[in-house]
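Here is a short briefing on one protein model. Keep the sequence and the 3D view open while you read.

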Amino acid sequence: MEHREPTVHLDRGFWSVTFALAIVAALSIYAWVVAPISGWLPEAANKAQQIDALFRFLAASGTALFVFVVGYLLYFAIAFRRRANDPPDALGVQIHDNNALEFWWTLIPTVFLVILVVFSIKIWAGIELGPNTGLTVEAIGHQWYFTFRYPQINGEVTNAMHLPVGQPVTLRLTSADVIHSFWVPGMRMKADMVPGLINTLHFTPTRVGRYQIICAEFCGTLHGEMDKQWFVVDPPVKYAAWYDAWQKKNSTASNALPVQSNARVAFGTGDAKIGKQLFSQKCTACHALGPFSQRIVGPGLLGVLHDPAHPNLVNGDKATRENVAEILQNGYKGDMGQMPNQTANALSNTDIANLVAYLNTLK
Ligand code: HEC
Ligand SMILES: [Cu+2]
């Protein structure tokens, strides 16, 4: 049997190719570092800048890696090709067990991935878990358009989502019918709008302008029409004028989005029909309309106010409308998990009254 020593000589050719590849890789890293990404697609919000920084990092390291991998592939294919005078059954050099190489090709990618994980999770956490400061706005997906709710504007705003530049915003997303996905390329942010659940985005608009809102989840025949609405970042004065105009226009509608308040809920005014609609938008992902034991995330709510077998709520309080309202305002963390509070579910006190009126009709 033929036996060859497993040796390779990395000759001058190899080192010149390495040098050339290093220069190309360095140039491509430089190109990504200075690439005018915000000129290609303007950055509407602070999170867009962070995500673009992450993109630069990924693109630069990916391109550099690509240059080396493909460069060496080509070089080795040529340098170690079969020569004219090689016998037909010539074997290439067989290499195994190079501990130094294996150490480095494990360590370097591991360090790289750890950096990437830390970098990404930091940005993700800022978007999803950021503090609930500033303005809270709610965006609702419909077949096939978006509507928006603002603090102290009654009803829903229908044309565009205006926000003032420079002010932190908490955006709550939900859906009135099927799953949509709220995508603003200018913000580099995309999140699902799920019926019965609230998803949250935190950001600060940083650049005055108009940015397209697109539905990024196929949601029925006219899904493609859901790219006609705008996210508009206004200077504060212009925003205030827009806000006042909608407040007047919608003054007779009901259902303003909350400013958080500890005011008591006025039960007498609750409207079970509106409550039912809210329930399908904000609660059904976690609550079934079945008995207490029919659990999704939280318990079934069919008998929450009228089941003799269920005299107490999960927090031990008596099952009264006041105490249900209290859970809706403050949330509750128990054995099953977290019932979100009023802010997280984007509920005004009027919403809570409507929901309680609806829950009161269930038996
Ligand atoms: C993300 C999931 C989630 C969403 C959304 C949610 N809940 Fe809950 N809810 C829970 C969990 C979990 C509990 C039970 C907490 C525990 O005891 O561990 C709960 C408990 C409750 C209770 C107390 C039930 C009882 O029998 O004591 C009521 C009432 C309630 N939720 C109403 C609502 C309403 C109304 C909405 C919509 C505005 C809603 N929930 C949205 C998860 C959710
Ligand atoms: Cu859609």
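A residue counts as buried if 20 or more other C-beta atoms lie within 10 Å of its own, as exposed if 12 or fewer do, and as partly exposed in between. The model is predicted. Asn323 has 17 other C-beta atoms within 10 Å, so Asn323 is partly exposed.

**Asn323 and its surroundings**

- Asn323 is part of helix 7, which spans residues 321-330.
- Leaving out residues up to four places away in sequence, Asn323 touches Leu313, Asp317 and Lys318.
- Pro42 is 281 residues from Asn323 in sequence. In space, C-alpha to C-alpha, the two are 48 Å apart.

**Helix 7 against helix 8**

- The axes of helix 7 and helix 8 come within 10 Å and cross at roughly 130°.
- Because of that angle, helix 7 is oblique to helix 8.
- The crossing of these two helices is right-handed.
- Helix 7 brings Arg321, Val324, Ala325, Leu328 and Gln329 to the contact. Helix 8 meets them with Ile352, Leu355, Val356, Leu359 and Asn360.
- By class, this contact of helix 7 with helix 8 has 7 nonpolar, 2 polar and 1 charged residues.

**Helix 3 against helix 4**

- Helix 3 covers residues 46-79 and helix 4 covers residues 99-129. Their axes come within 10 Å and cross at roughly 165°.
- Angles over 145 degrees count as roughly antiparallel, and so helix 3 is roughly antiparallel to helix 4.
- Helix 3 passes helix 4 in a left-handed crossing.
- On the helix 3 side, the contact is made by Lys47, Gln50, Ile51, Leu54, Phe57 and Ser61.
- On the helix 4 side, Phe112, Phe119, Ser120, Ile123, Gly126 and Ile127 take part.
- The residues of the contact of helix 3 with helix 4 divide into 7 nonpolar, 4 polar and 1 charged.

**The buried face of helix 6**

- Helix 6 runs over residues 272-282. Gly275, Leu278, Phe279, Gln281 and Lys282 are buried there.
- Viewed down the axis of helix 6, the buried residues fall within an arc of 165°, so they line one face of the helix.
- What covers these residues? The cover includes strand 1 (135-142), strand 4 (169-175) and helix 8 (349-361).

**Backbone features in the loops**

- The peptide bond from Gln143 to Trp144 is cis, with omega near 5°.
- Trp144 sits in the loop between strand 1 and strand 2 (145-149).
- Gln152 is not a glycine, yet its phi is positive, at about 65°.
- Gln152 belongs to the loop between strand 2 and strand 3 (161-164).
- Is Gln152 buried or exposed? Gln152 has 11 other C-beta atoms within 10 Å, so Gln152 is exposed.
- Arg188, a residue other than glycine, also has a positive phi, near 60°.
- Arg188 lies in the loop between strand 5 (180-184) and strand 6 (189-193).
- With 23 other C-beta atoms within 10 Å, Arg188 is buried.

Definitions and conventions. Residues are numbered from 1 along each chain as its sequence is written. Chains are lettered from A and ligands numbered from 1 in the order in which they are written. This is a predicted model: local features need pLDDT of at least 70, side-chain atom pairs count only at pLDDT 80 or more; totals for chains, interfaces and linings use all residues. Axes are lines fitted to C-alpha atoms, for helices over the stretch in contact, and angles run from 0 to 180 degrees between N-to-C directions. Helices (H or I, at least four residues) and strands (E, at least two) are DSSP runs, numbered from the N terminus. Angles under 35 degrees count as roughly parallel, over 145 as roughly antiparallel, 65 to 115 as roughly perpendicular and the rest as oblique. A crossing is left-handed if the near helix is turned anticlockwise from the far one by less than a right angle, and right-handed if clockwise. Two residues are in contact if their C-beta atoms, placed from the backbone, lie within 7 Å. Ala, Val, Leu, Ile, Met, Phe, Trp, Tyr, Cys and Pro count as nonpolar, Asp, Glu, Lys and Arg as charged, and the others, Gly among them, as polar. The arc is that of the directions from the helix axis to the C-beta atoms.
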